Amino acid sequence: MHYGVSLPNFGVGVDAALLARWARDAEGAGWDGFFLWDHLFAFSPGPIDVVDPWIALTVAATTTTRVRLGTLVTPLPRRRPVVVARQTVTLDRLSGGRLVLGVGVGAFPYEWEYCGEEPDQRVRGDMLDEHLEVLDALWSGRPVRHRGTHYRLDGPDFAALCHPPPLHGRIPVWVAGTWPASAPGPRPLTRPFARAARRQGVVPMRTDGRWEVADTAGVRALVDGSRNEEAPAPFDLAVPGETAGGDDARGLLHADHEAAGATWWVEAVHPWRYGWSEGAAWPLEAMHERILAGP
C-alpha cells in the first residue's frame, strides 16, 4: 500500500511556497503522495488565504523527485477541457510523470450557483463524463474533433490542433464518490462508482462517520465487480483516514485496510482534526508535524 497526505488549498498563512516546502518535507518523511484540495473559497466567512492548487503543485514538482502529486479532487464541470488538458500535461511532464488527477462533480452552492456555474448535480455528472471523454482524446496527442452536449472542439482547422501526450501515455484519473454507509444490505452501484470503475482509481468518502475497514472491502468488491476486461489496470482504491504520528496501532490499521483492498491510505491533514474554529489560530505547526511524522 502507498501512503499520501491530503491538505486544504487554503489557510491562514498558507501560500504556494509553503505548500511546496511541505511537499518536499512529505517526500523526505516517506510519504508517497502529496495531494491538495481544489476549492475556490475557504470553509469560513472570515478572511482566509486561498491558493490555486495547480500553481502550488507546479512549485512542488520542482522541489520533489519521487512523491506523487495531484488534486483530491478537482470538480471538472467548472473547468474547460482544453485548459485542463494543457495544465495537466504540462505538470505531468514537469514532474516526470508523477501527476494523479482526482475528479468529482463538486458541491457547495457558493462554488456553483453563486458563481454562475451549473447548479444541478446530475447535469454536472453528465458534464464530468463528457469532460473525461474529451480529456482522453486530448491526452492522446492526436488531432481531436468533438461536438457534444456540453463541450465543443470543432471548426475548419481545429482537427489539426492537438496537445502533446502525458509522459507515460496517460494520467491516472481517480474518481471521488460518497459511500452510502448507512444503506442496509448490499451497496448500490451509484453513478460515481460506476464512473470510477471505468478509470484508474476511486476516492471514496463517508459523510456520516469514520471510514472503516468494512467500507474499504465494500468499495473494492463493488468496483471490482463492475470493471470489465477493457478497464485500465491497475486500479487504485485510495481510502481516507486520520492517524497520529508515533501511534503503534496505525500499522495494524493500515494492514487491515490493505488486506481489504486499499492500495492507498490518504491521511487527512486539515485544521478541524486539531480543533480549529473561526477566530482561532490556524494550526500550521500541528499540520506540519503530522507530515513530518511520516506514514
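Biologist: How do the residues of the lining of the largest pocket divide into nonpolar, polar and charged?

Modeller: This is a predicted model, so local features need pLDDT of at least 70 and side-chain atom pairs pLDDT 80 or more, while totals for chains, interfaces and linings use all residues. Residues are numbered from 1 along each chain as its sequence is written, and side-chain values use heavy atoms, without hydrogens or water. A pocket is an open set of points on a 1 Å grid where a 1.4 Å probe fits, with protein on both sides within 12 Å along at least five of seven lines; lining residues have an atom within 4 Å of a point. Here the lining has 25 nonpolar (Ala, Val, Leu, Ile, Met, Phe, Trp, Tyr, Cys, Pro), 9 charged (Asp, Glu, Lys, Arg) and 14 polar residues (the others, Gly among them).

Biologist: Which residues are closest to the centre of the second largest pocket?

Modeller: R68, P172, W174, D236 and W264, out of 13 lining residues. That lining has 6 nonpolar, 2 polar and 5 charged residues.

Biologist: How many aromatic pairs are there?

Modeller: Rings of Phe, Tyr and Trp (its six-membered ring) pair if their centres lie within 6.5 Å; planes under 30 degrees apart are stacked, over 60 edge-to-face, the rest tilted. The count is 11. F10 and W37 make an edge-to-face pair, with 5.9 Å between centres and 70° between planes.

Biologist: Are F10 and W37 buried or exposed?

Modeller: Both are buried (under 20% relative accessible area), F10 at 2% and W37 at 15%. F10 and W37 also belong to one aromatic cluster with W272, W276 and W282.

Terms used: Buried means under 20% relative accessible area, exposed over 50%, partly exposed in between (1.4 Å probe, protein chains only).
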